[in-house]
Amino acid sequence: MTTDHNSFQAAILQGIPATLPPKHQFPEGVNRAPKRKDILSLGEKHLAVRNALRYFPKKWHAELAREFAEELQDYGRIYMYRFKPNYKLYARPLSDYPAQSQQAAALMLMIQNNLDPAVAQHPEELITYGGNGAVFQNWAQYTLCMHYLAQMTDEQSLHLYSGHPMGLFPSSKNAPRVVVTNGMMIPNYSKPDDWEKFNALGVTQYGQMTAGSFMYIGPQGIVHGTTITLLNAFRKILKSDENCRGKIFLTAGLGGMSGAQPKAGNICGCITICAEVNPKAALKRQQQGWVDLLIDKLDDLVARVRTAQKNEEVVSMAYIGNVVDVWERFDQEDIQIHLGSDQTSLHIPWTGGYYPVSLSYEEANSMLQENPAAFKKEVQQSLRRHAAIIQKHTDKGTYFFDYGNAFLLEASRAGADIMAENKIDFKYPSYVQDILGPLCFDYGFGPFRWVCASGKEEDLDRTDAIALAVLEEINTTAPPQIQMQLQDNIRWIREAKKNKMVVGSQARILYADAEGRMKIAAAFNTAIANNSIGPVVLGRDHHDVSGTDSPYRETSNIYDGSKFTADMAIHNVIGDSFRGATWVSIHNGGGVGWGEVMNGGFGMLLDGSPEAAERLKSMLFYDVNNGVARRSWARNEEAVFAIQREMEANTPIEGYPSQPSR
Ligand SMILES: NC(=O)c1ccc[n+]([C@@H]2O[C@H](COP(=O)([O-])OP(=O)(O)OC[C@H]3O[C@@H](n4cnc5c(N)ncnc54)[C@H](O)[C@@H]3O)[C@@H](O)[C@H]2O)c1
């Protein structure tokens with residue numbers, strides 16, 4: 001055992017340390033979270049400090065009160081940096097965790113993965129991704145949570161309120177070990193500034209989707225999702241004898257999630273042009289091998305694109321500059337754009353998420369600081385120009401889709417000519433309306449994922465092989481409606497290792513329906529029982545069939561008026577909790593913004609036991625089919641087909657129709 005291992009176990013078992021730890025030194029070069037809005041009144045600042053002191057003995061209060069007030073002043077939040085542990089944070093093998101419950105140890109592994117500096121965006125501030133996706137609000141919550149997890153038995157449940165461990169309560173073996181809620185607000189208090197205020201007070205947090213639910217697996221998830229989206233977008237526009245070679249995909253953004261676009265474009269086999277105003281972001285993605293070429297002049301870009309088209313190259317190019325300039329220049333040059341999209345951060349348009357075309361990057365940053373009202377006007381004007389040039393291209397045959405970044409919403413709010421004739425819908429579809437909804441979610445296909453808790457690469461290889469065999473077997477008898485989805489994922493899993501997407505835990509993602517997820521999980525459980533692999537943690541992205549109610553994204557292809565309700569996500573988390581989930585989570589916010597979405601998920605430890613075999617059957621079936629049933633009730637053709645298939649495969653209750661009436 002190494003010193004780090006021993007001190008790690010001892011620190012977890014101790015919880016809040018007995019003596020006040022020394023002041024924190026920030027590691028060099030670490031990516032720190034931006035200073036948050038100074039939103040609290042003086043009285044509220046006092047309250048925030050008092051709230052923070054609750055975690056510590058009275059004898060430390062005088063010293064910590066000063067320090068926490070300074071943190072609030074300097075960073076807009078109290079992170080309690082001093083209590084960040086000294087041991088390394090990363091997903092250790094399951095057996096390394098000091099625990100009485102293996103299920104609790106699985107949670108510890110997944111929590112530490114989300115805080116691993118190689119994985120997390122702002123590890124010092126406990127932010128995993130998305131700028132604000134928090135695992136905990138502060139280091140005291142982390143410390144206490146790990147301490148409780150180490151102590152708890154399989155007959156207890158830990159309840160986390162936005163990172164705060166509210167209590168370890170008696171429950172039962174069949175109950176989840178942990179119940180997570182993040183950002184649950186009284187609906188009237190769910191505006192962006194409410195998050196700023198209540199997060200600064202230390203009473204709520206933004207869990208994004210997989211940050212506060214301990215299910216993040218690095219960039220692999222977004223690369224896979226973007227690949228599936230692009231493959232299907234091309235299918236919509238290509239003739240049956242055509243492929244993506246030499247076809248152009250134009251988009252913007254090389255940031256946290258958007259950086260996946262050129263990588264996915266290369267996997268699909270097209271020419272990707274991705275504009276990025278921030279040269280550092282573009283360079284980082286090139287150095288990571290996510291984009292092939294950096295180009296900073298429009299003339300050079302045009303020449304390189306023409307060569308790539310002529311030679312039908314598979315290549316991705318980062319244009320360092322504004323995406324609107326590329327759209328406009330390609331129009332002048334008559335370069336045919338086959339697919340167009342955008343992944344600038346339009347969920348935060350006024351604070352630097354979207355850079356207006358009228359200003360250089362530097363000018364925009366200065367104006368943002370000095371005159372935010374003028375900056376907002378420039379953004380709105382740019383969005384109108386952006387929408388107008390997209391229209392010119394779509395008139396020439398470009399297929400443009402919104403990729404979940406609120407482009408259409410913000411362009412419409414800016415007064416761009418972007419509404420359909422009925423003045424209700426947008427002119428262009430969102431990727432869920434046209435692609436992921438009807439082709440995947442409505443059939444139950446969504447982002448199933450797993451983590452090999454041994455931490456061994458060879459376990460991941462074995463699980464890849466198991467999953468591949470299961471999908472191939474299912475494909476032999478699958479109906480034509482879902483063969484394409486199966487084949488895309490068979491291709492993905494065959495090549496998954498080659499794409500070198502593993503960062504942090506040994507994790508894999510693929511899209512599968514209820515049958516696929518259940519059969520893959522059952523095969524893993526058998527392999528664990530046979531000692532062929534170690535334990536496996538199952539989970540999924542919240543961006544899925546049933547987990548998320550989000551009217552402009554996951555449920556944007558629900559047309560019966562119910563897309564502004566959130567019953568599905570709430571039922572899902574409750575339903576999963578009594579069907580065997582090891583942990584469940586439900587969040588406000590995530591992707592499209594605070595107050596705009598409810599999203600939930602689960603984690604489940606497979607340990608090879610017969611109980612795990614029962615749990616996975618019951619929970620995975622419901623976890624997928626809850627959403628398929630809801631989508632079918634909304635009259636979505638594909639979901640009607642899928643739920644009917646499920647009902648035929650499962651003995652119908654006598655006297656009830658097996659075909660849903662519409
Ligand atoms: N569809 C999905 O599944 C999905 C998944 C993740 C994120 N998103 C959404 O996509 C958006 C981007 O996410 P992210 O994590 O990459 O954000 P990010 O802020 O890290 O990256 C966005 C990038 O766009 C660049 N940019 C802004 N304006 C530009 C312009 N006019 N021209 C060229 N570049 C410009 C920025 O410099 C930045 O690097 C967010 O709104 C997010 O919610 C969608």
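By the rule used here, the count comes to 35 salt bridges, a salt bridge being a side-chain nitrogen of Lys or Arg within 4 Å of a carboxyl oxygen of Asp or Glu. This is a predicted model, where local features need pLDDT of at least 70 and side-chain atom pairs count only at pLDDT 80 or more, while totals for chains, interfaces and linings use all residues. Residues are numbered from 1 along each chain as its sequence is written, and side-chain values use heavy atoms, with hydrogens and water left out.

Take one pair to begin with. Glu-124 and Lys-84 form a salt bridge, N to O 3.0 Å. Glu-124 sits in the loop between helix H4 (102-115) and strand E1 (127-129), and Lys-84 in the loop between helix H3 (61-75) and H4, so the pair ties together parts 40 residues apart in sequence. Helices (H or I, at least four residues) and strands (E, at least two) are DSSP runs, numbered from the N terminus. Both Glu-124 and Lys-84 are buried, meaning under 20% relative accessible area; exposed is over 50%, and partly exposed is in between (1.4 Å probe, protein chains only).

Arg-540 and Asp-544 also pair, at 3.3 Å from N to O, and both are buried. Arg-304 bridges to Glu-313 with the closest N and O atoms 2.8 Å apart; Arg-304 is partly exposed, at 24% relative accessible area. A network of salt bridges links Asp-299, Arg-306, Arg-329 and Glu-333.

Now the ligand. One of its oxygen atoms is 2.6 Å from an N or O atom in the side chain of Glu-276. For His-347, the side-chain N or O atom is 2.7 Å from a ligand oxygen.

Key: Polar contact = N/O pair within 3.5 Å; in protein donor to acceptor, adjacent residues only side chain to side chain.
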